[in-house]
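Please look at the sequence and the model before reading on.

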Amino acid sequence: MFMQEYYLPILPTTVIGSYPRPRWLRDIIRRYKKGQIKEKVLKEAYNDAVIAVIKDHEIAGIDIPSDGEQRRDEMVEYFAERIGGFKFYGPVRVWGNAFFNKPAVVDKLEYREPIVVNEFSFLQKVSYSKIVKVTITGPYTIADWSFNEYYSDKEELVYALAEIINREIKELEKAGAKYVQIDEPALPTHEEEVEWAVKAINKALEGIKIKLGMHICYGKYERILPYVDKINVSQFALEFANRQFKDLELLIEYSYNKELGFGVIDVHNRRIESPLEIAEAIRKVLSILPPEKVYINPDCGLKLLPREIARKKMENMVLGTKLVRKELVKAGFDDMIVFK
Amino acid sequence: MSIETTFYGGFPRGKNFISLYSKFLKNDISREEFYKKTEAIVLGLIRKLSEYDVKIGTDGIFIWDDIFAPFSKALSSVEANGLYRFFDNNFYLRIPVVKGKISYEKCITCDWYRRIINRIKEERIEYTLRAVLPGYALFAFYSDDKYYNDKTRMLRDYHKVLLEEIESLRGIGIEDIELHDPALLCKEIPSKISEKSIDLYKSLNKQVISKVWVITYFRYSYFDRLESLIKDTNFIIHIDLVENSSIMDNLLSLMDGGTLSLGIVDARNTKLEKVRQLKTIIEKFREKVDKIYIAPNTFMEFIPERIAYRKVRILSNLSRKYR
Ligand SMILES: [Zn+2]
């Protein structure tokens, strides 16, 4: 079969997924929850929010945008609500006054219908870019952030989820998605589980031909790096700015050889990084990996930042990347790479 | 053997409190109004628990952000800083950063506890309030020491602080203190710190009049270190049997009368236990101890509020079987 080739600028810029919701959308959601607004209005608002978010990405100059996960309140809750077998008993605290609607698995899990395919189709329709990123919460993270009342152990639960996620990715592939990112922030949390978790995650990726990436953040990378070659994705998008680029040596230590989505923007800090410091960070990673293997992105989703700051951070990320691109072209590199 | 239900540390916060606290954080209500309304919520909790025969426990530590705050404000040279994962949970705390010699400033929680104790008395509820504090190993494990260069030295000063805090609390009528120490037996704890902690617990045992409860939970890697605390102190030791069922025989062999607290329902999962199954555990201890407190294995903030109430009810149904 002939596969169309897509080209991207060297050091493609992208995002991890989430983006702050416009103030008006938050207002509409609040009123919807109070029963003051019809579902039809809410749905239209979600669509319009995606259009606004895409415009922010376009103005910033992001090569591979996402829909900012505008329709999702939370990355596990959203999937648990749409997979059969989950139940919600109420919020549990994460820290301070922040709570999370932790789902419970109370029955055999069941794939009912496509979960994020509509999200993708709408995004693709309104996107300025042919390649967009669709994010999916990985089976291990969904299991780790859920209560298990039904399966005999966590491993069995992760495998059941892997089957469901696999079906969803296949649906996305059928719908024309070109790039799916599996979010597994929980993967480094339980050292003794990583070995079987990797096998279960690969079940979720079985038989997929489109580009797959994985996002992990705020954990001990030493626990994951020994396994990267065993996980069937071509790229890992990792947070580095928040840890002041400290763990970059680990990539050498573990002979990291896949594509890297390099996190250069700290999403837990409102200070806007300058293009110069972003360029400096990129030069650091280029001393370790060849430029064709590096994508540039923020550490994690931007949703906890005020929208104005999120947009400026993206803009500077692109400006900083462009500085380094110029240097690369001068040094004889092609200005474009093939998306694969 | 007598048997009584209790629980330790935080109780899950309900929707009322969550929105009240968010108003307080946004400065929409004053501290006084926040305390007054929280007082009513806590009293509601205690009233409901006493219907389930829970006659001793905490105030649910609703005004605490985590096990260190606000207590760490009672210490000089200690600041709360970055968010850290609490063991392997999706639950985070602000770790204490130790920037100088630790000493005791004043009791931060006393005003609050005094209000609750008064209300319990006014309403004539039969309930013994236990105050919550971080244990030695937990404090050493999570603190970021920028001063001592040796956490065992830091713990010596922390010990003095604990003595003063326990005394302050006794001054306002709190005689029961629970020291949370999930770090004491965990895999990652340096042996130097856990051994020093055990020594300090033993000194504490000789130095305080209050009744001290040492609350251990999560997976143990060094259960043997607990043996001397069980044998040589008057403390009530809480054991997490949910995550450490394999230590059962060992624990039984250590017991010869006395009081023990057993964590037998899982406060990290919503699945409900069966009274019948729990009874088989308790039966094993029947001839071995004089008194058993039955409790969730750890604090209950990992589960939603309604599940926490159901788990407490299971425990109270179990204890009724021994009336
Ligand atoms: Zn992330």
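In which helix do Glu280(A) and Arg283(A) both lie, and how many residues apart are they? Both residues lie in helix H9 (residues 275-286) of chain A, three residues apart, which is about one turn of the helix. Helices (H or I, at least four residues) and strands (E, at least two) are DSSP runs, numbered from the N terminus.

## Basis of the report

This is a predicted model, in which local features need pLDDT of at least 70 and side-chain atom pairs count only at pLDDT 80 or more, while totals for chains, interfaces and linings use all residues. Residues are numbered from 1 along each chain as its sequence is written, chains are lettered from A and ligands numbered from 1 in the order in which they are written, and side-chain values use heavy atoms, with hydrogens and water left out.

## Salt bridges

Side chains of opposite charge can pair when their charged atoms come close. A salt bridge is a side-chain nitrogen of Lys or Arg within 4 Å of a carboxyl oxygen of Asp or Glu. By this rule there are 51 salt bridges over all chains. One of them joins Glu280(A) to Arg283(A), with the closest N and O atoms 2.9 Å apart. Glu280(A) is partly exposed at 42% relative accessibility, and Arg283(A) is partly exposed at 31%. Here buried means under 20% relative accessible area, exposed over 50%, and partly exposed in between (1.4 Å probe, protein chains only). Another salt bridge joins Glu277(A) and Arg271(A), at 3.0 Å from N to O. Glu277(A) has a relative accessible area of 34% and Arg271(A) one of 47%.

In chain B, the side chains of Glu4(B) and Lys291(B) meet in a salt bridge of 2.9 Å, N to O. This pair links distant parts of the chain: Glu4(B) belongs to strand E1 (residues 2-5) and Lys291(B) to strand E11 (residues 291-296), 287 residues apart. Glu4(B) counts as buried at 17% relative accessibility, whereas Lys291(B) is partly exposed at 21%. Salt bridges that share partners also join Glu32(B), Glu39(B), Arg47(B), Arg115(B), Arg119(B), Glu122(B) and Glu123(B) into one network.

## Nonpolar cores

In soluble globular proteins, nonpolar side chains tend to be buried together. A nonpolar core is a set of buried Ala, Val, Leu, Ile, Met, Phe, Trp, Tyr and Cys residues joined through side-chain atoms within 4.5 Å. The largest core has 242 residues, of which Phe262(A), Phe86(B), Ile239(B) and Phe285(B) touch the most other members. Helix H6 (residues 154-175) of chain A gives the most to this core, with nine residues.

Which residues surround Phe262(A) in terms of contact? Leaving aside neighbours within four places in sequence, its contacts (heavy atoms within 4.5 Å) include Leu238(A), Phe240(A), Ile282(A), Val294(A) and Asn297(A).

## Strands and sheets

Two strands pair if DSSP finds at least two bridges between them. Strand E8 (residues 179-183) of chain A is mostly covered, as five of its five residues are buried. Tyr179(A), Gln181(A) and Asp183(A) point one way from E8(A), and Val180(A) and Ile182(A) point the other way. Strand E6 (residues 134-137) of chain A runs parallel to E8(A) and is joined to it by four bridges, with Val134(A) partnered by Val180(A). E8(A) also pairs in the parallel sense with strand E9 (residues 211-216) of chain A, over five bridges; in E9(A), Leu212(A) is the bridge partner of Val180(A).

Chain B holds an open sheet of three strands in the order E3-E4-E6, with mixed pairing. Its edge strands are E3 (78-85) and E6 (144-145), each pairing on one side only. E3(B) and strand E4 (residues 92-98) of chain B run antiparallel and are joined by six bridges, and Ala80(B) stands opposite Pro96(B) in E4(B).

## Aromatic rings

Rings of Phe, Tyr and Trp (its six-membered ring) pair if their centres lie within 6.5 Å; planes under 30 degrees apart count as stacked, over 60 as edge-to-face and the rest as tilted. The whole structure has 46 aromatic pairs over all chains. Among them, Phe17(B) and Tyr21(B) are stacked, at 5.6 Å centre to centre with 20° between the planes.
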